[in-house]
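Subject: Structure for your files

Hello,

Here is the structure I said I would pass on. My notes on it follow below.

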Amino acid sequence: MGLVGILLSLGLLIFLAFRGFSLLLAAPIAAMLAAAFSGEPLLAKWTLTFMRGTGGFVINFFPLFLLGGVFGKLMDDSGAALAIARGITGRLGEARAVMAVVLACAVLTYGGVSLFVVAFAVFPVASALFRQAGVPHRLIPPAISLGAFTFTMTALPGTPAIQNAIPMAYFGTTLFAAPGLGLIATAIILGFGLWWLRMVETRARLAGEVYGEAPPAATDAQFIRERAASGDNFDPAELTHGHRSADLPPFLLAVSPILIVLAVNLLMSLLVLPRADTGFLAEPRFDTSLPAVSGVWSVVTALAAASLALVLMAWRRLPDLRQTLDAGANASVLPVLNTASLVGFGAVVAALPAFAVVRDGFLAVPGGPMVSIAVAANVMGGITGSASGGLTIALNALGETYAQLAAAAGIHPELMHRIAAISSGALAMLPHNGAVVTLLGICGATHRGSYREIMMVGLVGPLLALVAVIGLGKLIGAF
């Protein structure tokens, strides 16, 4: 009965999430269903097991969500995000409209700007550009998805995305794990995605399809907010708060905070923290290790430095700085609690006796630890509709085991890190994914019109890259 309860709870979680219920309610309800079928004490499972899992995620990653929200809001209100989008699309022009939107999103997200800040900033620019170029409106969501939801989230070495930070504590790696393989995966995802979108655009032109009028969004603002909070670290309800500058900064000034994030992240990850005296972390008052915290430390330091620099450089474009900072901070709360609730659900399920069957099933997947972790991260991401939530659940349950198996098989930890990160963003892009639903709502598009292309660039492309990385990892190892 325990296994039946786990399967029913997963189905209930997917159903409630797809229907727009808050994960703050859906996750504990689904967890209690699984616990009930196993005959476990429900109050203890909720207030102890569930809340410890939830609280653990908040403790580990809230600083990253907080500063990510603040930095994203500063980039939005200062006009820097819009200036970057307009600068890149203006330079590439109508002939490369799709590529321009993809690259604009990639630059912003690789620089630490939240996904939905990027989507809200880029969509108006993309809409005008696609209309001028005669590219169908339905291709805007997949173009944004390719640039913002794929390789800059999981594959590019050094990306400050949480999906790249989560594996560090389990494998003792850095944000720049397996840089060569990460760059190859990036090339595959980006190359395949651009090729696919170009092919679809060409066929649309031959069929006489033009931009067309955007259909009304199929979801209301509250529904978008609930779905967005499980797909990113920024609550879109806060985008309307603060004061957005009408005076856009020059392109070089706008891109400077992005460069600061990348530079400080690199220095912290590869030079400062490895050489710092962090022996105090092993003391009972901290009881942790540098690999467990270095990813978050590197990213939050980079985001803090970039935020401070942005405030100093764009002071005149931030007339109500307090309101901007408050909105950015508030924007981090619902997303971190939503994702943490998914982790709490995973903690309850993983503690059930019947989960041993699930764990053994993942470990028995042919192909060794690399294939097994790829399957586990993909499956959990697909079930939860959250790349970060699914990856955390998988590694909380199996991360220590995978690290031991990899060491026994002579597999470099950096290879396991990169495979886990890339895997988290593949099946997580199924139709119920919060980021997908929110993006469609932002763009006024529908699943029927745009999801096939989102699936190809956001799911198929990463799976192709994953296969290549695993194959190269088996032949050559990490590099």
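Are Phe57 and Phe65 buried or exposed? Both of these residues are buried. Please keep in mind that this is a predicted model.

Aromatic rings

There are 6 aromatic pairs in the structure. One of them joins Phe57 and Phe65 in an edge-to-face arrangement, with 6.0 Å from centre to centre and 70 degrees between the planes. Phe57 and Phe65 also belong, together with Phe61, to one aromatic cluster.

Phe280 and Phe286 make an aromatic pair as well: their ring centres are 5.6 Å apart and their planes stand at 70 degrees, so this pair counts as edge-to-face. The cut-off behind that label is an angle over 60 degrees between the planes. Phe280 has a relative accessible area of 30% and is therefore partly exposed. Phe286, with a relative accessible area of 41%, is partly exposed too. For both labels, partly exposed covers the range between buried, under 20%, and exposed, over 50%.

A charge over a ring

Arg91 places its charged end over the ring of Phe251, at 4.6 Å from the ring centre.

Surface patch

A nonpolar patch on the surface is formed by Leu266, Leu267, Leu270, Leu271 and Val272. Together these residues have about 390 Å² of accessible area. Leu270 lies in helix α13, which spans residues 251-275. Leu270 counts as partly exposed because its relative accessibility is 42%.

Regards

Notes:
Residues are numbered from 1 along each chain as its sequence is written. This is a predicted model: local features need pLDDT of at least 70, side-chain atom pairs count only at pLDDT 80 or more; totals for chains, interfaces and linings use all residues. Side-chain values use heavy atoms; hydrogens and water are left out. Patches are made of residues with over 30% relative accessible area and no salt bridge: like charges are joined within 9 Å, nonpolar side chains (Val, Leu, Ile, Met, Phe, Trp, Tyr) within 5 Å. Accessible areas come from the Shrake-Rupley method with a 1.4 Å probe; for residues, only the protein chains shown count as cover. A salt bridge is a side-chain nitrogen of Lys or Arg within 4 Å of a carboxyl oxygen of Asp or Glu. Helices (H or I, at least four residues) and strands (E, at least two) are DSSP runs, numbered from the N terminus. Buried means under 20% relative accessible area, exposed over 50%, partly exposed in between (1.4 Å probe, protein chains only). Rings of Phe, Tyr and Trp (its six-membered ring) pair if their centres lie within 6.5 Å; planes under 30 degrees apart count as stacked, over 60 as edge-to-face and the rest as tilted. A charge sits over a ring if NZ of Lys or CZ of Arg is within 6 Å of the ring centre and within 35 degrees of the ring normal.
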